[in-house]
Amino acid sequence: QLTPSSFLRFGQLSNVDLNEDIHELETEVPRQRPNEIPHNEKLLSLKYESLDYDNSENQLFLEEERRINHAAFRTVEIKRWVICAMIGILTGLVACFIDIVVENLAGLKYRVVKDNIDKFTAKGGLSFSLLLWATLNASVVMVGSVIVAFIEPVAAGSGIPQIKCYLNGVKIPHVVRLKTLVIKVCGVILSVVGGLAVGKEGPMIHSGSVIAAGISQGRSTSLKRDFKIFEYFRRDTEKRDFVSAGAAAGVSAAFGAPVGGVLFSLEEGASFWNQFLTWRIFFASMISTFTLNSVLSVYHGNAWDLSSPGLINFGRFDSEKMGYTIQEIPIFIFMGVVGGILGALFNALNYWLTMFRIRYIHRPCLQVVEAMLVAAVTATVGFVMIYCSRDCQPIQGSSVAYPLQLFCADGEYNSMATTFFNTPEKSVVNLFHDPPGSYNPMTLGMFTLMYFFLACWTYGLTVSAGVFIPSLLIGAAWGRLFGISLSYLTKGSIWADPGKYALMGAAAQLGGIVRMTLSLTVIMMEATGNVTYGFPIMLVLMTAKIVGDYFVEGLYDMHIQLQSVPFLHWEAPVTSHSLTAREVMSTPVTCLRRIERVGTVVDILSDTSSNHNGFPVVESNPDTTQVAGLRGLILRSQLIVLLKHKVFVERANLSLVQRRLKLKDFRDAYPRFPPIQSIHVSQDERECMIDLSEFMNPSPYTVPQEASLPRVFKLFRALGLRHLVVVDNRNEVVGMVTRKDLARYRLGKEGLEELSLAQT
């Protein structure tokens with residue numbers, strides 16, 4: 001099962017010695033080549049745990065809930081609103097910080113390079129300018145890549161796949177830590193300034209989620225500070241709801257699209273949804289956009305004019321000039337098809353590349369070298385294309401920030417330079433709004449081709465970077481090209497305005513790569529500030545999704561699958577009705593008795609081969625005639641807290657006189673429960689008895705073993721469970737269904753396929 005598939009054998013890498021990385025894999029993998037990590041996408045990793053979205057309703061929990069009166073519930077509700085407001089404000093401020101720093105640093109870099117090029121164009125020796133540009137890019141990217149690769153690898157990429165998994169109920173290590181946020185923000189600034197083909201929009205979603213998780217817990221484990229506020233929210237249920245609010249606030253800060261943010265976290269994220277949550281999430285998104293807007297307006301010097309709602313602003317599209325007619329709808333649908341095909345090509349190329357990276361480029365130093373290589377190549381490609389382009393436009397009346405004259409006549413600038421010599425966001429807006437005739441078709445064609453491959457190579461590097469803006473830029477370039485060729489064909493009719501087609505092309509390309517439908521339509525509508533285009537954008541995105549899904553999955557789903565995460569989709573596989581809970585469940589189950597020896601508990605928890613996280617509790621009568629029926633379910637984390645506080649007695653018939661544990665003791669240990677190895681239990685204490693009845697959840701969800709897989713799946717997914725106990729008709733435990741048992745079954749090309757589980 002684990003032999004590396006034969007489609008990526010690169011023999012020329014055999015001189016690199018990567019022995020030390022393979023040692024932990026030696027047990028299960030026959031050694032093939034010392035420098036290759038075998039990786040197979042038909043695997044599910046066992047290193048990911050689930051979140052406990054479902055509350056454990058034990059006696060402690062019920063007593064606390066009964067003590068809380070109506071007024072106290074009101075304060076909890078007010079606290080929730082306060083937290084959502086804080087999430088919005090902080091996410092907006094982080095977005096402002098990123099935006100302002102990027103603008104200044106990138107401006108500085110472009111000015112230096114522009115002066116250098118102007119100087120050397122006059123007296124020859126432009127290769128020095130190329131060297132300067134490539135060196136600047138590579139060194140900036142090197143810093144950005146080093147902090148990600150060596151300090152916090154989770155901060156790589158856009159973070160959207162990780163947040164998607166988190167909201168789906170998978171605990172990805174370190175994903176919502178403060179350290180991750182700091183590295184993410186610095187990494188994004190450095191990779192955008194370093195001129196890579198990346199955007200700063202995707203990582204905003206991750207940053208918003210980290211902010212939400214941090215604020216709602218009222219303490220930071222990275223800083224070792226506990227602020228003693230919001231203690232009621234220290235459990236997975238509440239934390240996950242706040243994280244979905246944070247993701248929405250991130251989207252709305254990035255695109256100035258609060259409604260799009262809510263729909264994003266509904267479509268991509270939360271598996272559990274209710275009305276109150278929607279309203280709070282919308283509140284957080286609105287606050288986030290407003291904060292960003294007001295701070296940036298003050299920064300730009302017009303404090304009363306709230307004109308920059310998001311990090312990217314597509315600018316206004318006038319409805320009079322830019323309406324569309326009924327005969328254009330087939331054209332839009334055709335653009336959707338092209339976007340779907342190009343998106344599928346992008347994803348397929350990126351898939352091969354990521355497989356290669358997982359196998360060979362898994363050491364941090366190699367990852368940094370690769371990032372620097374990509375940065376230098378990006379600068380070189382840009383330079384060569386500017387150098388070879390003879391596309392000159394008059395400077396009069398054009399709004400170019402850094403016009404490069406190069407070999408053009410006086411008073412003209414090189415129009416290829418505006419696309420490469422700018423941050424990607426500015427280039428997108430230029431492609432949307434520059435008047436017809438600003439770009440030579442040849443320029444656009446070459447640019448699309450080169451940028452497509454650059455963006456594909458860049459996504460998945462060890463830098464924090466989003467894929468939104470590059471895809472919009474590729475799409476806007478070929479869309480504008482399409483519009484220009486249409487007006488050639490129709491002899492310059494008024495309706496073939498290239499800016500409109502640039503917008504549709506951008507939507508088609510982005511939809512073809514990430515395959516979001518509902519939220520993306522609304523985000524594009526809000527970012528352009530025009531409802532007229534709602535219908536064509538929706539058509540384009542639907543077509544792109546249908547066409548793209550025919551070939552290959554969306555980019556984010558593909559990366560989730562490549563990381564072997566047990567991700568549960570909305571529905572069980574269509575053809576899985578033939579399977580029942582008996583075939584799906586894991587057996588044998590480790591059960592505990594209601595009154596159990598401490599030694600037994602310690603041994604079960606220390607057993608590394610099983611490593612279970614939930615244990616059914618059965619009746620502990622020594623009388624064998626009685627059936628050992630299911631009494632409850634207790635979690636590993638609860639048992640660890642019990643052992644840590646030494647809640648046990650010498651003999652079973654003694655009552656517990658020590659102080660009773662409160663729910664607060666469990667909350668204080670959350671989210672990093674100590675490992676069992678750190679808890680010392682003496683030989684005498686091993687003989688004591690521990691009574692689990694007030695700590696276990698007395699009403700766990702169960703299914704009979706005849707239940708079909710779709711039924712089990714629906715119950716598990718809708719309630720966000722972590723353990724589902726399978727019982728027979730006498731209420732005896734026969735098995736346990738966890739996330740991995742359900743995620744194993746996936747629809748492949750030939751029908752239902754079962755993935756195997758691996759430790760790596």
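In this predicted model, 26 salt bridges are found across the structure. One of them is formed by the side chains of E64 and R667, with N and O 3.0 Å apart. Because E64 belongs to helix 2 (residues 59-67) and R667 to helix 24 (residues 663-669), this pair ties together parts that lie 603 residues apart in sequence. Both E64 and R667 are buried.

A second salt bridge connects D557 with K164, and here too the closest N and O atoms are 3.0 Å apart. D557 sits in helix 20 (residues 555-562) and K164 in helix 5 (residues 160-168), so the pair ties together parts 393 residues apart in sequence. D557 is partly exposed, at a relative accessible area of 21%, while K164, at 9%, counts as buried. Salt bridges can also be joined into a network, as seen for E77, R80, R235, E238 and R280.

The side chains of E619 and R631 meet at 2.9 Å, N to O. E619 lies in the loop between strand 10 and strand 11, whereas R631 lies in strand 11, 12 residues away. With 17% relative accessibility, E619 counts as buried; R631, with 31%, counts as partly exposed.

Strand 8 and strand 10 (residues 614-618) run parallel and are joined by two bridges, and L592 stands opposite V617 of strand 10.

A hairpin of two residues connects strand 16 to strand 17, and Y745 faces E754 across the pair.

Among the helices, helix 4 (residues 127-150) has 24 residues and reaches 33 Å from its first C-alpha to its last, close to the expected 34 Å. Its buried residues include W133, N137, V141 and I147. The cover over the buried residues of helix 4 includes helix 3 (70-123), helix 6 (178-193), helix 12 (364-388) and helix 13 (415-420).

For the whole picture, the protein chain has 27 helices and 18 strands. Of its 760 residues, 57% count as buried.

Conventions: Residues numbered from 1 in each chain as written. Predicted model: local features only at pLDDT ≥ 70, side-chain atom pairs only at ≥ 80, totals over all residues. Heavy atoms only, no water. Pairing = 2+ DSSP bridges. Helix = DSSP H or I, 4+ residues; strand = E, 2+ residues; numbered from the N terminus. Buried < 20%, exposed > 50% of the residue type's maximum accessible area, 1.4 Å probe, protein only. Expected span 1.5 Å × (residues − 1). Contact = heavy atoms within 4.5 Å. Salt bridge = Lys/Arg side-chain N within 4 Å of Asp/Glu carboxyl O.
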